[in-house]
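Dear colleague,

I am handing over the structure we spoke about, and my notes on it follow below. Please read them with the model open beside you.

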Amino acid sequence: MNPDNGPGSSPSAEFRKGVRLARKAGEAVLGYVRTGRGRRSASLVVEEVADYKKWYGVTNIFFDEAPTRSSAEPLYRRYVDAVHADGGYAVLN
C-alpha cells in the first residue's frame, strides 16, 4: 500500500478499509517506504515504518530505492531489524 509516497501525514479511513478487505481475502499487505538510496533521513524512514503499524496495523514493509553498495548494509539492517521486531517481513528494491 502506498497512500502518499509512504504512509502519508495522517491515517486514511479508505486505506484502513482496503487493508481490512485485503486481509479478509487472505492477501499480505506491505507498506511502501522510500529510502532514497540510503540518503533519506533514517529517522524519517523508521518513523514511516512505525506509522504503518500504528495507523494501519501493517508490519510488512517494501523499502524502495535501496542502494547496491555494501557500505549501506548496516543502515538497511537497522530498517529490516525494526520490521522483524514487529513480526513483519521486509522487501528491498
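In which sense do S2 and strand S3 (residues 90-92) pair, and over how many bridges? In this predicted model, the two strands run in the parallel sense, with three bridges between them, and within this pairing Ile-61 stands opposite Ala-90 in S3. Together with H3, S2 and S3 make a β-α-β unit that is right-handed.

Four of the five residues of strand S2 (residues 60-64) are buried, so S2 is largely enclosed by the rest of the structure.

Turning to the aromatic residues, a search of the whole structure gives five aromatic pairs. One of them joins Trp-55 and Tyr-56, whose ring centres are 6.3 Å apart and whose planes meet at 85°, so the pair is edge-to-face. Trp-55 is buried at a relative accessible area of 15%, and Tyr-56, with 6% relative accessibility, also counts as buried. Another edge-to-face pair is formed by Tyr-76 and Tyr-79, at 5.2 Å centre to centre and 75° between the planes; both of these residues are buried. Because Tyr-76 and Tyr-79 are three residues apart in helix H3 (residues 73-85), about one helical turn separates them. Finally, Tyr-52, Trp-55 and Tyr-56 form one aromatic cluster.

With best regards

Note on methods: Residues are numbered from 1 along each chain as its sequence is written. This is a predicted model: local features need pLDDT of at least 70, side-chain atom pairs count only at pLDDT 80 or more; totals for chains, interfaces and linings use all residues. Side-chain values use heavy atoms; hydrogens and water are left out. Rings of Phe, Tyr and Trp (its six-membered ring) pair if their centres lie within 6.5 Å; planes under 30 degrees apart count as stacked, over 60 as edge-to-face and the rest as tilted. Buried means under 20% relative accessible area, exposed over 50%, partly exposed in between (1.4 Å probe, protein chains only). Two strands pair if DSSP finds at least two bridges between them. A crossover is right-handed if, with the strands pointing away from the viewer, the path from the first strand over the helix to the second runs clockwise.
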